[in-house]
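Hi,

Have a look at it first, then read on.

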Amino acid sequence: MRRTTTGKVLLVSSDKPLRGQLRAWLVHEGMTGNSLCTVASGRACQTIVSQLRPRVTVIDDAEPDTDGPTLLPTLRQQVPDVLVVYLATYHTAELEREIRQLGVLYYTEKPPDEGSLRKVLGTVLHQPLPQGSAAGINT
């Protein structure tokens, strides 16, 4: 039985198989077409994020046109209370420190541990939305 999900999710990844895998899991968890959006580049993310106002954005750092440390501040300017899950292609302690300082909800290396990622996203997506949050509510 599917639980009710709240808010919108934006998947940002140039890795088509990863986008497909994450999308399939989110649909299985109860996300529908109008609450789930995938884009293949940082530029596309920057274009759509203000309009979409996602609750959660999953960022794969292997983007052809930007990197995570550049994309995250821009994302935060457009949607300050968005929750970010960051998937690092090449993990270093320095990168993790930098990304965590930018306020991500969850940082992990690729490929992500499916169980941990499911737990994090499942918990967030099944919680009630805060009143007036960016998580898909236009106020």
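D15, D60 and K110 are joined in a network of salt bridges (a side-chain nitrogen of Lys or Arg within 4 Å of a carboxyl oxygen of Asp or Glu). This is a predicted model, where local features need pLDDT of at least 70 and side-chain atom pairs pLDDT 80 or more, while totals for chains, interfaces and linings use all residues. Residues are numbered from 1 along each chain as its sequence is written, and side-chain values use heavy atoms, without hydrogens and water.

K110 sits in the loop between β5 and α5, and D60 in strand β3, 50 residues apart (strands are DSSP E runs of at least two residues, helices H or I runs of at least four, numbered from the N terminus). K110 also bridges to D15, with 3.6 Å between the closest N and O atoms.

How exposed or buried are they? D60 is buried at 1% relative accessibility, whereas D15 is partly exposed at 26% and K110 is partly exposed at 23% (buried is under 20% relative accessible area, exposed over 50%, partly exposed in between; 1.4 Å probe, protein chains only).

Elsewhere, R118 and E114 form a salt bridge at 2.7 Å, N to O. Both lie in helix α5, four residues apart, about one turn of the helix. The count of salt bridges comes to four.

Best wishes
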